[in-house]
Amino acid sequence: MAAVHLRIGDLVWGKLGRYPPWPGKIVSPPKDLKKPRGKKCHFVKFFGTEDHAWIKVEQLKPYHAHKEEMIKINKGKRFQQAVDAVEDYLKKAKGKDQNSDSKGESKGKKTSNKPLKILEEDDEDLSALKDPSEKDLTESDPEPSAIERLGAEPGSGFKWESSVVKSNYVLHEYMNSSVLFFSPQPASSMEPISKRLKIVEEVTGSTSIQAADSTAINGSITPTDKRIGFLGLGLMGSGIVSNLLKMGHVVTVWNRTAEKCDLFIQEGARLGRTPAEVASMCDITFSCVSDPKAARDLVLGPSGVLQGIRPGKCYIEMSTVDPETITELSQVITSRGGRFLEAPVAGSQQLSNDGMLVILAAGDRSVYEDCSSCFQAMGKTSFFLGEAGNAARMMLILNMVQGSFMATIAEGLTLAQATGQSQQTFLDILSQGQMASTFVDQKCQNILQGNFKPDYYLKHIQKDLRLAISMGDMANHPTPMAAAANEVYKRAKALDQSDNDISAVYRAYIH
């Protein structure tokens with residue numbers, strides 16, 4: 001692709017790798033923002049997001065010449081808003097000799113060689129780029145990033161790693177990109193960009209990324225004025241409730257073991273005596289328990305949730321259960337005039353404590369919207385997946401993959417030991433390859449240290465594998481890898497590892 005001859009002030013379409021183009025304008029970067037090394041690039045401000053990024057010259061196209069083409073291939077509300085922002089900019093600029101533009105930018109267009117000065121500071125020429133092996137960085141921003149605005153899909157490989165604070169910019173090491181993102185926010189905001197996102201269902205049934213409906217500023221969240229109930233204060237529930245309280249929600253709690261409620265009462269929560277009482281007192285009641293039986297008992301049992309459901313009351317099942325359980329609970333809740341949503345979460349105790357869970361929601365869309373501030377408090381991203389049961393299916397598939405993967409890693413570690421190889425070296429090599437992840441590193445280090453303190457119970461991942469295999473049977477779909485992994489976890493349970501972390505599956509291979 002031939003290089004595009006562009007200069008500061010030009011309107012462009014900027015493209016990142018395999019992600020869709022987005023409208024922007026070439027501007028001059030701040031002096032203290034380092035340029036990425038490699039190919040020649042321009043610093044682009046994206047319309048509709050106020051995000052900035054270094055974009056390679058070959059990934060830029062003139063705006064006007066390609067406008068019609070881009071509008072045909074790109075869809076979505078946020079994209080249209082960005083195009084509208086460009087048109088508004090053009091209308092304001094017309095006839096004003098660009099006087100409404102920034103002081104430096106209007107001057108910068110007089111030369112194609114010298115970058116525009118902004119913040120009244122000098123900058124160097126962008127062509128002096130050298131070492132292509134230098135790792136790139138991405139910037140955390142209170143608003144959704146340009147990378148997300150450019151259509152990054154969930155699970156597409158974007159990953160933020162170790163944080164580095166420099167001056168008043170927060171930079172994140174970005175593993176799979178060749179761009180540097182920038183936004184002039186204080187270094188106190190180190191939250192991943194997707195923290196302020198929610199992912200919602202389009203008319204077509206697919207999912208797309210949109211900005212969260214929040215007045216969040218520097219990480220704060222405006223809590224809903226609805227009364228929140230929460231049932232189940234286990235590994236996941238405890239972190240969720242803590243974050244709901246921190247963000248100002250009014251929360252009433254209940255737990256089968258009442259003593260677990262004491263800490264949250266001290267933090268400002270109210271105490272419910274029974275699930276029925278919590279449901280009757282609150283507008284929205286969440287539950288997060290261990291398995292399908294516990295989920296059913298909580299709703300249908302003595303003094304259960306169903307007794308407290310009245311027309312308009314919302315019930316949200318966050319437990320990882322099978323789709324059949326979700327269908328049953330949805331039917332009984334709605335039969336009383338209640339509104340139902342399932343919202344299982346992907347993550348661990350640590351991610352729950354950090355408010356960085358991934359929430360999978362399905363069912364009543366209006367309940368999903370009503371819970372916006374709650375989901376922002378407890379998670380970094382949420383997906384709406386359509387009708388009730390879909391979130392349970394997706395959650396079981398995700399946990400099936402995670403459980404199988406963990407078993408395979410444990411098998412590799414023990415095989416390394418059995419063949420005289422260093423387990424630490426195995427981990428060091430693994431951490432430098434394509435499978436490198438925080439999950440792999442943490443679990444392997446825990447295994448090598450003999451630390452199996454539960455972050456996610458082994459008994460629960462085995463339950464999820466069992467349910468996923470059953471789901472495969474019902475769909476007449478083979479799940480041989482999951483079935484093999486399930487046997488290993490069953491062996492670990494027989495070795496009294498149920499209440500340890502999922503990484504304790506390692507012990508099934510050494511006994």
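Asp364 and Arg339 make a salt bridge, with their closest N and O atoms 3.9 Å apart; the term here takes in any side-chain nitrogen of Lys or Arg within 4 Å of a carboxyl oxygen of Asp or Glu. The pair links distant parts of the chain, 25 residues apart: Asp364 sits in the loop between β19 (357-363) and α12 (365-370), and Arg339 belongs to strand β17 (residues 339-342). Helices (H or I, at least four residues) and strands (E, at least two) are DSSP runs, numbered from the N terminus. With a relative accessible area of 25%, Asp364 is partly exposed. On that scale, buried means under 20% relative accessible area, exposed means over 50%, and partly exposed is what falls in between (1.4 Å probe, protein chains only).

A word on the ground rules. The model is predicted, so local features need pLDDT of at least 70 and side-chain atom pairs count only at pLDDT 80 or more, while totals for chains, interfaces and linings use all residues. Residues are numbered from 1 along each chain as its sequence is written, and side-chain values use heavy atoms, leaving out hydrogens and water.

Back to the charges: the structure holds 13 salt bridges. One of them brings together the side chains of Arg227 and Asp283 at 3.2 Å, N to O. Arg227 lies in the loop between β11 (207-211) and β12 (228-231) and Asp283 in the loop between α7 (275-281) and β15 (284-287), so this pair ties together parts that are 56 residues apart in sequence. Both ends are partly exposed, Arg227 at 38% relative accessibility and Asp283 at 24%.

Lys459 and Asp499 form another salt bridge, and their closest N and O atoms are 2.8 Å apart. Since Lys459 is in helix α17 and Asp499 in the loop between α18 and α19 (507-510), the pair ties together parts that are 40 residues apart in sequence. Lys459 is partly exposed at 30% relative accessibility, and Asp499 is partly exposed at 45%. Elsewhere, salt bridges that share partners join Arg339, Asp364 and Asp370 into one network.

Helix α17 itself (residues 458-474) has 17 residues and reaches 25 Å from its first C-alpha to its last, close to the 24 Å expected at 1.5 Å a residue; the expected span is 1.5 Å times one less than the number of residues. The helix is mostly covered, with 12 of its 17 residues buried. Among the buried residues are His460, Lys463, Asp464, Leu465 and Met471. Their cover includes α8 (292-300), α10 (323-335), α14 (390-418) and α18 (480-494). Just after α17, Asn476 takes a positive phi of about 55°.

Asn353 and Ser242 are 111 residues apart in sequence, yet 7.5 Å apart in space, C-alpha to C-alpha. Leaving aside residues up to four places away in sequence, Asn353 touches Gly239 and Asn243, a contact being heavy atoms within 4.5 Å. Asn353 is partly exposed, with a relative accessible area of 36%.

Of its 511 residues, 51% count as buried. Among contacts between residues at least 6 apart in sequence, 65% join residues at least 24 apart. The chain exposes about 23900 Å², and carbon and sulfur atoms supply 51% of it; accessible areas come from the Shrake-Rupley method with a 1.4 Å probe, and for residues only the protein chains shown count as cover.
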